[in-house]
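Q: Can you walk me through the side-chain contacts here? I'm new to this one.

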Amino acid sequence: MSKPLQAIRGMNDILPEQTPLWRYFEGTVSSLLDGYGYQQIRMPIVEFTELFKRSIGEVTDIVEKEMYTFEDRNGDSLTLRPEGTAACVRAVLEHGLAGAGQTQKLWYIGPMFRHERPQKGRYRQFHQIGVEVFNINGPDIDAELILLTWRLWGLLGIRDAVKLELNSLGTAAARAVYRDALVAFLSEHAEQLDEDSRRRMHSNPLRVLDSKSADTQALLSNAPKLEDYLDEESRVHFAGLKARLDAAGVPYVINTKLVRGLDYYSKTVFEWVTDQLGSQGTVCAGGRYDGLVEQMGGKATPGVGFAMGIERLVLLLETLGKVPAAIARTVDVYLCAFGEAAELAAVALSEQVRDQVPGLRLQVNAGAGSFKSQFKKADKSGALYALILGEDELAQQVVGCKPLRGQGEQQSIAWSDLADHLATYANQA
Ligand code: ATP
Ligand code: MG
């Protein structure tokens, strides 16, 4: 026999025991976004490679070394999306969703692909929920994005475990002036830079700021500071954002080294970080990208967004013990039937119950089995109650209803009362 195949390294199955937590998380986020008036968009997972090169930037970790790029049968270069913003902007432009200054508040969910070194919290296929807003200029929308994530942490019970880091990158014009000053400084000290930084010094000098090398970081403490180069417009914008966060009581720290990995950001950038997940501590990150739509061939359109990593947030919920007990249970009632006649009656009875009690999670024992083995399965299913339909019950048109958790006597319930009785069990915690 040949060895069974395995999944690709860094690409994980999400197993049945994990999906309730994923669905709880996804459901919490989607109803929150509904509540703030965001609409979902679904883009393809594969796009032309050119799209990511143009939007993310050629000299970025993602484009330089992380993309899954291949040639399809037509000879086109395609790439599995490494993030969602590029495809979202492409779709917005293609369908004219943000034309003539029209406001769009969009969100998406799905897998992203990056060829990174797999480790806890870092995978090659991972999942993001992203939000993108078009055509709102002021800091109020930057604040709204942060407030809604803050509300999410509250709903999930993890506010104490995350910290908001904030920075402003200024407008493209201001950054260009800073860039020159930074390059001049870096050139003067080129021999003290790590290899990556030396290579990036000219192509993408801002990325040198978040170099992982301790020596480079030490050198940078004397480098020109981006905050001293911020233009008036960006200063006012940043002050407006901070005032709104202060007014709402959202704590934050300013991190002037925060530049984000992608080229397209301007003005606001932010990250929500936790110290609970080791070095993969960023659970949500985003910022403003006022130049991106134009850079991708559209009219100048302000944009701002963020993406959160679902794996990291699910891990955080598990690490902090914030998995709600109720989501672990997926069955409310388990029906066991004994004998051929009762099995047949169970088919009709269970369908009738499904008609009458929407929302009830009813599992019917599949196949025959002894009383003992059916009961074992009922118990293992996690159901709160077992319904028992044997020959005696069939003759009397009743079912036995036995509580499986905690105390309580078995009751006999007439078929005609069953729906009313079970309605109280639907989604009981
Ligand atoms: P990091 O600094 O951790 O590499 P990033 O800046 O590359 O993150 P973004 O492109 O901003 O990440 O993506 C937004 C979020 O998606 C991250 O904050 C993180 O939660 C999640 N994420 C990014 N890459 C991965 C990955 N390889 N595996 C799991 N989650 C990821
Ligand atoms: Mg990364």
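A: Here is a short chat about ring pairs and salt bridges.
This is a predicted model: local features need pLDDT of at least 70, side-chain atom pairs count only at pLDDT 80 or more, and totals for chains, interfaces and linings use all residues. Residues are numbered from 1 along each chain as its sequence is written, and side-chain values use heavy atoms, without hydrogens and water.

Q: How many aromatic pairs are there?
A: Seven aromatic pairs. Rings of Phe, Tyr and Trp (its six-membered ring) pair if their centres lie within 6.5 Å; planes under 30 degrees apart are stacked, over 60 edge-to-face, the rest tilted.

Q: How do phenylalanine 270 and phenylalanine 306 pair? What are the distance and angle?
A: The centres are 6.4 Å apart and the planes at 65 degrees, so the pair is edge-to-face.

Q: Which Trp residues form a cluster?
A: Ring pairs link Trp150, Trp153 and Trp272.

Q: New topic. How many salt bridges?
A: The count is 20. Each needs a side-chain nitrogen of Lys or Arg within 4 Å of a carboxyl oxygen of Asp or Glu.

Q: What does arginine 199 pair with?
A: Glutamate 64, with the closest N and O atoms 3.2 Å apart. Arginine 199 is partly exposed at 44%, and glutamate 64 is partly exposed at 34%.

Q: And aspartate 290?  Which partner?
A: Arginine 288, at 2.9 Å, N to O. Both aspartate 290 and arginine 288 are buried.

Definitions and conventions:
Chains are lettered from A and ligands numbered from 1 in the order in which they are written. Buried means under 20% relative accessible area, exposed over 50%, partly exposed in between (1.4 Å probe, protein chains only).
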